[in-house]
Amino acid sequence: MDRHQAISDFLAKRHYAAINPVAALIDMDGTLYDSMGHHADAWMKMVSGLGINMPRDEFFRYEGRTGASTINIIFNKAYGRDATQEEIERLYHLKTEYFNSMSAVAPMPGAAQLLDMMQETGMRRVLVTGSGQASLIERLERDFPGAFSPQMMVTSRNVTHGKPHPEPYIRAMQMARVKPSQSIAIENAPLGVKSASAAGAFTIGLTTGPIPGRELKEAGADIVYPSMQALADDFHNLVYDMFNSSLG
């Protein structure tokens, strides 16, 4: 699908008169950082220690959930019950330790370029992540200086309902003081796409992991790019087309 068709379909679907992309609401893992493989490996090591057998790719589909939500899914599959609060805290701490013991994750190619273009155009940027791991969040200022202020971050620590619930993206819009029709969201996983789409944002899907683009489209992505670099390379054109479609 080309940009013009994606924008036209979005406006028709949402019954918006216009789209004016004032704010970008951006996921972190698998979008700004090439970190999803590490997360999947850390979850695998944690569940293996419990004697639970799960396919590695399944954790890519949980991306965007809070740690507590993921652990409850694991427990319901294995034991038919939710985890206790003590189990959640202990196991998420263990998973975090495994993640932190791995080699440092690299910024996603094209991420810094995209953030720089947003900054040049005055686009507000809000981080929207299901993670609560300080190790990654603390890296943002070092890897992407000035891209996100502490007041423009939605993490697992300040939402009641994580992705795929729309709350994270609704909170991000509130932080940026924008309407859904003024927002674009950038996501790499179905749960995040569902969250952003349910909040009413123009939702851009990225195929940066094993999940195919068709699954992102089925989850509600308005347009899908094969990488963050591909989005960065096309971003000015996409925003230009949005603005001109709004004028039309």
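User: Why is Asp57 called partly exposed?

Analyst: Asp57 has a relative accessible area of 37%. Buried means under 20%, exposed over 50%, and partly exposed in between, with a 1.4 Å probe and protein chains only. So Asp57 is partly exposed. Asp57 is placed in the loop between α2 and α3. Its C-alpha atom is 15 Å from that of Ile73, 16 residues apart along the chain.

User: What kind of model is this, and how are residues numbered?

Analyst: This is a predicted model: local features need pLDDT of at least 70, side-chain atom pairs count only at pLDDT 80 or more, and totals for chains, interfaces and linings use all residues. Residues are numbered from 1 along each chain as its sequence is written, and side-chain values use heavy atoms, leaving out hydrogens and water.

User: What makes Ser69 partly exposed?

Analyst: The relative accessible area of Ser69 is 21%, so Ser69 counts as partly exposed. Ser69 sits in helix α4 (residues 67-79). Helices are DSSP runs (H or I, at least four residues), numbered from the N terminus. The C-alpha atoms of Ser69 and His161 are 9.2 Å apart, though 92 residues separate them along the chain.

User: How do you know that the span of α4 agrees with expectation?

Analyst: The expected span is 1.5 Å times one less than the number of residues. For the 13 residues of α4 that gives 18 Å, and the end C-alpha atoms are 18 Å apart, so the two agree. Just after α4, Gly80 takes a positive phi of about 75 degrees.

User: Which residues of α4 are buried, and what do they pack against?

Analyst: Gly67, Thr70, Ile71, Asn72, Ile73, Ile74 and Phe75 are buried. The buried residues of α4 pack against α2, α3 (58-61) and α5 (85-100). Contact here means heavy atoms within 4.5 Å.

User: Why is α9 called oblique to α10?

Analyst: The axes of α9 (residues 167-176) and α10 (residues 190-199) come within 7 Å and cross at roughly 55 degrees. That angle makes α9 oblique to α10. Under 35 degrees is roughly parallel, over 145 roughly antiparallel, 65 to 115 roughly perpendicular, and the rest oblique. Axes are lines fitted to C-alpha atoms over the stretch in contact, with angles from 0 to 180 degrees between N-to-C directions.

User: Which residues meet there?

Analyst: Pro168, Tyr169, Ile170 and Met173 in α9 meet Gly192, Ser195, Ala196 and Ala199 in α10.

Definitions and conventions: Helix = DSSP H or I, 4+ residues; strand = E, 2+ residues; numbered from the N terminus.
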